[in-house]
Structures are given as structure tokens and as C-alpha cells.
Amino acid sequence: FAQLDSKSVATLSMLLGRGTLLPSLEVVVKLYKRIFWDELEQELYGDDARGSHGQTFKTLYGLAAGCAAGANRTEVMNNFADLVGFCDGDSETSAGTCHAIWRAHYGDLFPSILKVRYGSGASFKRDKRWSQKREANVAEALVGILQEAGQASLVKVACALCLLSYLAPPLNVLPSNWSMAEKIKDLHAMHAGQLEHAIVVRNLDTVLLHAHVQGWLSEW
């Protein structure tokens with residue numbers, strides 16, 4: 001790990017020009033806003049000036065890994081499915097009945113857009129958690145199909161929606177899968193007492209993220 005300063009680029013260019021470094025050397029630069037870095041250092045070290053840049057960088061990576069893991073939670077992917085507008089029209093199943101009731105209350109906020117089939121019968125029910133995971137299973141399958149089809153931009157949009165569903169889940173809205181209701185409540189409670197999560201939310205560049213999402217959508 002090396003901290004980048006105003007002289008780093010010039011020094012690396014000089015070393016490359018002299019042949020001191022291998023031409024195949026790959027230099028990876030990670031950029032963070034100074035206010036984000038300073039806030040994290042303050043949390044880690046307080047007013048102690050002996051803080052380690054390496055430890056701060058490791059903590060930043062840990063926050064990124066935590067957000068990635070959070071975006072893949074079952075209840076979060078249920079939120080993603082609701083935002084995208086998953087709709088299984090099979091009213092003969094209990095899921096269809098429950099979803100119809102949910103749709104009557106929240107349909108204006110989350111209109112039906114994408115028809116899916118969550119399945120039914122013994123082959124599905126052999127998985128004891130299938131009823132909890134059905135939206136997440138279909139969401140993961142959707143992302144996988146998009147990846148295989150070479151639609152990388154739409155995969156990025158899906159990942160961004162999952163990230164936002166984790167960092168800022170919709171307030172005062174029950175998930176379409178009723179078995180996820182308690183987990184959604186737990187998610188809100190967890191965020192309320194998690195300082196690291198608050199730091200990420202405060203420093204999330206929503207304007208830049210929105211611009212990226214619009215760019216990815218324009219490629220489709």
C-alpha cells in the first residue's frame with residue numbers, strides 16, 4: 001500500500017522511463033473523497049495522529065465487502081424484486097393470494113412490470129426455505145441470464161439497485177413476501193445502530209451513482 005500524493009504520478013513515470021520498473025507492471029489507484037477518509041480516520045483513531053493509512057484502507061475495503069454482502073441478502077433481493085416489478089400471476093397458489101393483497105396496498109408504488117413464475121409443487125417445497133427465497137432466487141437467475149447474454153450494463157444497474165435496497169430500504173413498506181417482513185424490520189434496526197453503515201450513507205455520492213446508472217441504461 002502506498003498513499004498517493006502530488007508527486008507519485010511523476011515518480012512512477014520517471015521510474016518507468018528509466019526502465020527501473022517492468023513495463024508490464026500494473027498500478028492500481030483507488031480514489032476516495034478526502035471527507036470520507038478523514039471521517040473514517042476520526043472514527044478509527046480519534047485525535048491520535050499516529051493512525052495507519054494501511055489500516056484505514058483495509059477498513060474501507062471491509063466496508064465495501066460488507067455492502068456487497070448486504071446487497072446479496074435474501075430480504076434485500078426481495079426489495080429489488082419489488083422495485084423491478086416482479087409479478088407471478090398464479091392466483092391459485094398461496095404466494096399469488098398474498099401477493100395480490102400486497103399489490104392492492106402498494107401497487108401504486110411498485111407496479112407490476114416483469115412477469116415471473118416462482119413455481120409450486122413438491123419439487124420446490126423440498127427446499128424448506130423456498131418460500132422465503134423465491135424472489136431472491138428469481139432475481140439471481142435474472143442477473144445470471146443478463147450476464148450470459150452480455151448485458152453487463154444491466155447487470156450493473158441491478159447491482160446498484162440491490163446496493164441501494166440494502167443501504168436505504170424503502171420506509172414504511174412491507175415486502176411482497178410476507179415471510180421477509182421481520183427480516184426487513186431487523187435490517188432497519190441493524191442500520192440504526194451501525195455507525196459504519198451511517199458513514200457509507202453519509203458519503204455516498206448519489207449524484208454520481210445516478211449518472212452512472214443513467215449511463216448504463218443508455219447502453220441498453
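Biologist: In what order do the elements of the chain run from the N terminus on?
Modeller: In this predicted model, the order is α-α-α-α-β-α-β-α-α-α-α-α-α. That comprises 11 helices and 2 strands.

Biologist: And what share of the residues counts as buried?
Modeller: The chain has 220 residues, of which 34% count as buried.

Biologist: Which residues form a nonpolar patch on the surface?
Modeller: The patch is formed by Leu12, Leu25, Val27, Val29 and Leu31. Together these residues have about 450 Å² of accessible area.

Biologist: Where does Leu12 lie?
Modeller: Leu12 is part of helix α1, which covers residues 8-18.

Biologist: Why does Leu12 count as partly exposed?
Modeller: Leu12 counts as partly exposed because its relative accessibility is 31%, and that class lies between the limits of 20% and 50%.

Biologist: Changing topic: how many disulfides does a search of the whole structure find?
Modeller: The search finds 0 disulfides. Cys159, for instance, is in no disulfide; its nearest cysteine sulfur belongs to Cys162 and is 6.5 Å away. A disulfide would require the two sulfur atoms to be within 2.5 Å.

Biologist: Is Cys159 buried or partly exposed?
Modeller: Cys159 counts as partly exposed, because its relative accessibility is 45%.

Biologist: Lastly, what share of the contacts with a separation of 6 or more comes from residues 24 or more positions apart?
Modeller: Residues 24 or more positions apart account for 71% of those contacts in the chain.

Note on methods: Residues are numbered from 1 along each chain as its sequence is written. This is a predicted model: local features need pLDDT of at least 70, side-chain atom pairs count only at pLDDT 80 or more; totals for chains, interfaces and linings use all residues. Side-chain values use heavy atoms; hydrogens and water are left out. Patches are made of residues with over 30% relative accessible area and no salt bridge: like charges are joined within 9 Å, nonpolar side chains (Val, Leu, Ile, Met, Phe, Trp, Tyr) within 5 Å. Accessible areas come from the Shrake-Rupley method with a 1.4 Å probe; for residues, only the protein chains shown count as cover. A salt bridge is a side-chain nitrogen of Lys or Arg within 4 Å of a carboxyl oxygen of Asp or Glu. Helices (H or I, at least four residues) and strands (E, at least two) are DSSP runs, numbered from the N terminus. Buried means under 20% relative accessible area, exposed over 50%, partly exposed in between (1.4 Å probe, protein chains only). Contact means heavy atoms within 4.5 Å.
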